[in-house]
Amino acid sequence: MLSRLSALPRTAWSRLFLDRQAAFWLAELSPTLAPGERRARVVEVIDETADTKTFVLAPGRRWPGHRAGQFVPVEVEIAGVRVRRCYSISSGASAPGAATIAITVRAVPGGRVSPWLHANLRRGSIVGLGDPAGEFVAAPSSGPLLLVGGGSGITPILAIVRDLAARDALGDVVVVHAARAADDAIGAAVLAALEASHLGLRVIAHRDAMEGTLDAAALLAHVPDLAIRTAYACGPAGLVALVAAAGPAALHVERFVAAPPPRLQDPAAPVSIRLSRSRRDITAAGRGSLLEQLERAGETPKHGCRLGVCQSCRCRKVSGIVEDAVTGARSDAPDEDIRLCVSIARSNLELAL
Amino acid sequence: MNPLAAPARTLTAAETDAFGAELDALRAETLADLGQADVDHIRRMIKLVRYTEVAGRALLHFGIGPLTFAVGTTALAASKILENMEVGHNVMHGQYTWTGDPALDGARYEWDIACTGDDWRHSHNYEHHTFTNVLGKDRDVGYGFLRVSRAQRWRPAHLAQPVGAALLALLFQWGVGAHDLHLDETLRGEQSLAELRRRGAPFAKKAAWQLAKDYVVAPALALANAPRVLAGNLFANLARNVWTFAVIFCGHFPAGTEVFPVTSIENERRGDWYLRQLRGSANIEGGRAFHVMTGHLSHQIEHHLFPDLPAARYPALAPRVQAICARYGQPYCTGRFAHQLGSVAKQIARNALPG
Ligand SMILES: Cc1cc2nc3c(=O)[nH]c(=O)nc-3n(C[C@H](O)[C@H](O)[C@H](O)COP(=O)(O)OP(=O)(O)OC[C@H]3O[C@@H](n4cnc5c(N)ncnc54)[C@H](O)[C@@H]3O)c2cc1C
């Protein structure tokens, strides 16, 4: 009884729709005030290279702070649809409620989000921010370090170096900065300036255009004591593999490109489905919709019309490829909602069921 | 004039499939075209809901005299109508879920009316839209107590249905709210009291808060103006009830709409389903503002063919749907509001009598 009484204000808040009213009127006042969503304002746009820009963001009072090397999911609305991409925070560590953080984005040709950010974000624009995350962080007492960044993969390395410099902890750090050419090297000036002012920092600028792609011999020539260093690598798969093969004392890797989507299979081929909520693995076989296959395997997912009309069977597809039985449209990106009754499995799947 | 006088041509299986494929293509084309304009529209509507509500409530709370009362009540009624019809009903169909905006997520939206969102998603999105106009399956055919078609068995209680329909109009949100409780089944002894109580609990809770909102909290905040605010809320709710009743009854009950026996949905193909949606629904003609105020349910036909397409798309789809129907010799029931409403009234009066 008492607990129900104490819950009354919260219940009333939502039952009287005051939550929705507050969200609306606060957002009318300023988009960054909208409750429940963390929104940042772009305060500066810096051209880094021909295809890379840094966006300095004011993340607002709700920013929880982050450790150098972590990334943050950035959400924007493109043609009416909210889309999210992760970006490493290229500025150093931040405290809760920090005034600014920065992300550095290379425009991937043909990409959905990164070229849009370049074309549309300007000072005053608003973007949504998720929670900063990631384990690509260097403890200040990690001993001798080797930080390897290639292409846009230099962004978390920049953050780590900035952070170590701010803490005066650049004791014995080697940065290998690989880029296609000098005018393509993101943050080269920043690294050069830090190198000039910190004795413990050595920066090796490798430019493919002049020296060819970095190979094992060149890497070892640059960093003969590689075996005693804890390495952090972010960049093209080949570069990361090179560092791993050279045998550093320990290796931390950050990957920008998601694992490739699973192999597309024939609609009739059996697929294995991981049901992540109930922690079950089943094999779905035979023709028909995912709903039918799940039911044949003994599952009882929530459903209604079985026609793709009522949305009762809508659920989150964590990974895998499905095809809409009516329109033929494919869903292959992770974390998309699908309707079981009109979806045909085209690969192994994970569903939030 | 109801162009529906011509009976529907019976289609061969191949024609039915082709008919369905044409409508599927129209749907796919629209889906592929969804974008900023659609989101902008629904956000504009939400803005309109909020601003008219604040304007209406402010005029009721702080105004003096009958003029501000009338304008305030009208604004509040308009806000409720828009929220229930153009925003709530359409968002809850999942018409805007593709935006990824949590405020527009069809599975989570809760509308500002006595009926709970979850009850509605079950009784309306699933039952009514799947089994549209199938006797014994679609509980929206006469809502369990009205005889709207001669195909329904006559009972003496139907003699009173003109009065019953008028009462339903005034209390429409309560009728809608109680719809998924299956009260009629409990009365007939087909559903236990315990089951009724289980089904009814969420509705009872929501209803209590809805009553508290308009008839306790709002008047209390108005202090001396409390009676005026209470009356304004009452009239706004009544106006919303009568309006939604009128629009919704014109959607499936005017002359020219058909009901179907349960056997008609055995082995129903996709094209058959489309045909049944078409023949069971009726449109209302009107201008842009009228369509918006009906939540585009004035395009009931397009809504039943494409319940998950943003409703604001229906006016542009309508001529193309009508052209497809014409090519396949299918009726397309439409008429002006007064005409359709008159037709519904006639149906209710006519079917009150046996035969
Ligand atoms: C943890 C993490 C941190 C990241 N940090 C950064 C960062 O600091 N700066 C940055 O620019 N990006 C970063 N990314 C990549 C970023 O999230 C996007 O993937 C990238 O911006 C492309 O998105 P898009 O929508 O433009 O392209 P999409 O439309 O998603 O992809 C288009 C095509 O480009 C390919 N592609 C995707 N990413 C890349 C890439 N990086 N290089 C080459 N091809 C690619 C895809 O496989 C696809 O074929 C990070 C990713 C992760 C997972």
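Analyst: Helices (H or I, at least four residues) and strands (E, at least two) are DSSP runs, numbered from the N terminus. Residues are numbered from 1 along each chain as its sequence is written, while chains are lettered from A and ligands numbered from 1 in the order of writing. The model is predicted, so that local features need pLDDT of at least 70 and side-chain atom pairs pLDDT 80 or more, whereas totals for chains, interfaces and linings use all residues; side-chain values use heavy atoms, without hydrogens and water.

User: Let us begin with backbone torsions. Where does B:H182 lie?

Analyst: B:H182 is found in the loop of chain B that runs between α6 (172-178) and α7 (183-187). Most residues other than glycine have a negative phi.

User: Is B:H182 buried or exposed?

Analyst: Its relative accessible area is 6%, so B:H182 is classed as buried (under 20%; exposed is over 50%, partly exposed in between, with a 1.4 Å probe and protein chains only). The side chain of B:H182 also makes a polar contact of 2.9 Å with that of B:E185. Such a contact is a pair of N or O atoms within 3.5 Å; within protein, one must be able to donate a hydrogen and the other to accept it, and sequence neighbours count only through two side-chain atoms.

User: What is the phi of B:L223, and in which loop does B:L223 lie?

Analyst: For B:L223, another residue other than glycine, phi is positive and near 50°. The residue belongs to the loop between α8 (193-221) and α9 of chain B. In contrast to B:H182, which is buried, B:L223 counts as exposed because its relative accessibility is 69%.

User: How many salt bridges are there over all chains?

Analyst: A search of the whole structure returns 51 salt bridges, each with a side-chain nitrogen of Lys or Arg within 4 Å of a carboxyl oxygen of Asp or Glu. One of them pairs B:D308 with B:R27, with 3.0 Å between the closest N and O atoms. This pair joins distant parts of the chain: B:R27 sits in helix α1 (residues 13-33) of chain B, B:D308 in the loop between α12 (300-305) and α13 (314-327), and 281 residues separate them. Both partners, B:D308 and B:R27, are buried.

User: Which residues do salt bridges with shared partners join into one network?

Analyst: The network consists of A:E37, A:R39, A:E75, A:E77, A:R82, A:R84, B:R43 and B:D101. A:R39 and A:E37 form a salt bridge in which the closest N and O atoms are 3.3 Å apart. A:E37 is partly exposed, because its relative accessibility is 21%.

User: How far apart are the closest N and O atoms in the salt bridge of A:D281 with A:R274?

Analyst: Between A:D281 and A:R274 the distance is 3.0 Å. A:D281 is exposed, with a relative accessible area of 55%, whereas A:R274, at 31%, is partly exposed.

User: Turning to the ligand, which of the 19 residues around it come nearest?

Analyst: They are A:C86, A:Y87, A:V113, A:S114 and A:T155. A residue counts as near if one of its heavy atoms lies within 4 Å of the molecule.

User: Which elements of chain A each supply at least two residues of the shell around the ligand?

Analyst: They are β4 (81-88), β5 (101-106) and α3 (114-120). β4(A) gives the largest share of the shell, 4 residues.
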